[in-house]
Amino acid sequence: MRVTYIGHAAVELKTDKHSILIDPFITGNPVAKHKPEDFKPDTIILTHGHGDHLGDAVPISKRTGAPVIAIFELASYCQSQGAKAEGMNLGGPHSFSFGKVQFTPAFHSSSHDGHYLGMPCGVVLTTLENRKIYHAGDTALFGDMAFIGKLGLDLAFIPIGSYYTMGPEEALEAVQLLRPKTIIPIHYNTFPVIQQDAEQFKKRVESKTQTQVIILRPGESREL
Ligand code: NI
Ligand code: MN
């Protein structure tokens, strides 16, 4: 699986047959090296409706026909803007052609342009190759991350920026609850208020846990 860190919370997961985009904030993303046209996803998964996550989801869906998979209210909003959409909710997994999607809680908020867009989420994606990937979305630390960890995570995208989400200290606690094999820190160094030292975070996590921390620069890809 090829993981591309587009920047902020935007990632692409590319398996043998599928491309999955999560939170594709590309246009207006100060750190992004890509353009929305660089991606032809099979699907777009959104954690919540804030502009730095919804991003280019609607225009990419319109251009490619890829459905936006999100919590019901956000999916309905995307559909009202002309996107193809699948509205799920928090709970159990559902199988799609590219793998399984399960929305998990996140402690945050979710709205756009004055529209309330349902609960904010994290998402657990199980690929057809049976890799389990957790994208935490924007969230504070919460104890039920331990339940998500019980799924047996191969990879987790964890926000470390603070201010809007967990900072490095909370993210370290999160890693201890989630116990993923590997994490990629996200949602930092995009804006001045979320400036963090990812190298120092990596050192701390790797000295206190069994988890490997991979730091990707925006635009960088890694085979995992
Ligand atoms: Ni947010
Ligand atoms: Mn955000």
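Visitor: What spacing do the donors of the nickel ion (ligand 1) follow along the chain?

Guide: They follow H-x1-H-x57-H-x29-D. Keep in mind that this is a predicted model. The residues behind that pattern are H48 (NE2), H50 (ND1), H108 (NE2) and D138 (OD).

Visitor: How do you know that these atoms count as donors of the nickel ion (ligand 1)?

Guide: By distance. The cut-off for N, O and S atoms here is within 2.8 Å of the metal, and these sit at 2.2 to 2.3 Å, so they qualify as donors.

Visitor: Why is the arrangement around the nickel ion (ligand 1) called irregular?

Guide: Look at the angles: the four donor atoms subtend 90 to 175°. Water is not among the atoms, so a site may look incomplete.

Visitor: And the manganese ion (ligand 2): which protein donors does it have?

Guide: D52 (OD), H53 (NE2), D138 (OD) and H187 (NE2), lying 2.1 to 2.2 Å from the manganese ion. That is again inside the 2.8 Å limit, so they count. Along the chain their spacing reads D-H-x84-D-x48-H. H53 in helix 1 and D138 in the loop between strand 12 and helix 4 are 85 residues apart, so this pair links distant parts of the chain.

Visitor: What makes D138 a bridge?

Guide: D138 turns up in both donor sets, with the nickel ion (ligand 1) and with the manganese ion (ligand 2). The two ions lie 3.3 Å apart.

Visitor: Why is D138 called buried?

Guide: Buried means under 20% relative accessible area. D138 comes out at 2%, so it counts as buried.

Visitor: How about H48, buried or exposed?

Guide: Buried, because its relative accessibility is 0%. H48 lies in the loop between strand 4 and helix 1, and its contacts include L54, L74, S109 and P120.

Visitor: How do you know that the side chains of H48 and D138 make a polar contact?

Guide: The limit for a pair of N or O atoms is 3.5 Å, and this pair is at 3.2 Å, so it passes. The side chain of H48 also makes a polar contact with that of H50, at 3.2 Å.

How values were computed. Residues numbered from 1 in each chain as written. Chains lettered and ligands numbered in written order. Predicted model: local features only at pLDDT ≥ 70, side-chain atom pairs only at ≥ 80, totals over all residues. Heavy atoms only, no water. Donors = N, O, S within 2.8 Å, 3.2 Å for Na, K, Ca; no water. Tetrahedral: all angles 85-135°; square planar, octahedral: opposite > 155°, others 65-115°. Helix = DSSP H or I, 4+ residues; strand = E, 2+ residues; numbered from the N terminus. Buried < 20%, exposed > 50% of the residue type's maximum accessible area, 1.4 Å probe, protein only. Polar contact = N/O pair within 3.5 Å; in protein donor to acceptor, adjacent residues only side chain to side chain. Contact = heavy atoms within 4.5 Å. Lists of a residue's contacts leave out its neighbours within four places in sequence.
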